[in-house]
Amino acid sequence: MATIVRAYESGDVRDAIKIWNEIVREGIAFPQEEELNETSGDEFFKAQSFTGVAVDTESGELLALYILHPNNVGRCAHISNASYAVRSDLRGRHIGELIVKDCIARAKTLGFRILQFNAVVATNIHARHLYKRLGFTELGTIPGGFRMPDGSFEDIVPQFISLT
């Protein structure tokens with residue numbers, strides 16, 4: 001499957017919110033609890049510094065997406081943050097790696113100096129291995145920083161990579 005990453009367009013909204021909402025419903029990776037609809041999703045994806053979508057070049061199917069935006073404001077606005085979503089039936093095929101690499105390159109072109117993830121759930125082993133392989137540094141552990149769907153709390157492991 002040949003895949004490209006391109007900028008999000010409004011016509012992507014149905015497929016994008018389907019992938020995004022699946023992760024929200026799983027409740028083990030994203031901090032969001034509310035699902036997006038077509039209107040709120042399109043607004044949300046357009047409000048980011050960049051939303052990228054991974055698309056199969058033959059079928060045109062949307063496979064994954066990411067959002068990229070400042071992690072903070074003012075004196076910390078040079079630090080970016082991102083979230084990644086891969087269709088559940090396609091996980092394990094290195095599409096996540098493709099969108100993380102694209103995000104790193106995009107963050108650099110947008111002038112960000114750091115890419116930081118605030119809330120990588122400790123049990124998200126596949127993401128943590130990918131981030132380590134790509135050069136991210138784990139910043140420590142925040143005990144009980146993420147509330148799981150069953151009400152229990154899981155540790156989070158913030159990550160960063162310098163883009164300079």
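## Basis of the description

Two strands are taken to pair if DSSP finds at least two bridges between them. Helices (H or I, at least four residues) and strands (E, at least two) are DSSP runs, numbered from the N terminus. The model is predicted, so local features need pLDDT of at least 70 and side-chain atom pairs count only at pLDDT 80 or more, while totals for chains, interfaces and linings use all residues. Residues are numbered from 1 along each chain as its sequence is written, and side-chain values use heavy atoms, with hydrogens and water left out.

## The sheet and its edges

An open sheet is formed by seven strands in the order β1-β2-β3-β4-β5-β9-β6, with mixed pairing. The edges are held by β1 (3-7) and β6 (137-138); each has a single partner strand, so one side of each is left without a neighbour in the sheet.

The partner strand β2 (residues 50-56) pairs with β1 in the antiparallel sense over five bridges. Within this pairing, A7 stands opposite G52 in β2, and V5 stands opposite A54.

Helix α1 (residues 13-26) lies across β3 (62-70) and β4 (79-86). Its direction is at about 75° to β3, where axes are lines fitted to C-alpha atoms, for helices over the stretch in contact (heavy atoms within 4.5 Å), and angles run from 0 to 180 degrees between N-to-C directions.

Helix α3 (residues 95-109) has 15 residues, which at 1.5 Å a residue should span 21 Å; the expected span is 1.5 Å times one less than the number of residues. The end C-alpha atoms of α3 are 21 Å apart, which agrees. Its buried residues are I95, G96, E97, I99, V100, C103, I104 and A107. Just after α3, G111 takes a positive phi of about 90°.

## Aromatic pairs

The structure holds 12 aromatic pairs. Rings of Phe, Tyr and Trp (its six-membered ring) pair if their centres lie within 6.5 Å; planes under 30 degrees apart count as stacked, over 60 as edge-to-face and the rest as tilted. One of the pairs is tilted and joins Y84 and Y131, at 6.4 Å centre to centre with 45° between the planes. This pair links distant parts of the chain, since Y84 is in strand β4 and Y131 in helix α4 (residues 125-133), 47 residues apart. Y84 counts as buried at 14% relative accessibility, and Y131 is buried at 9%.

Y131 also forms a tilted pair with F117, at 4.7 Å centre to centre and 45° between the planes. F117 lies in strand β5 (residues 114-117), 14 residues from Y131, and F117 is buried as well. Ring pairs link F50, Y66, Y84, F117, Y131 and F136 into a cluster. Over the face of F50 lies R106, at 3.9 Å from the ring centre; a charge sits over a ring if NZ of Lys or CZ of Arg is within 6 Å of the ring centre and within 35 degrees of the ring normal.

Technical notes: Buried < 20%, exposed > 50% of the residue type's maximum accessible area, 1.4 Å probe, protein only.
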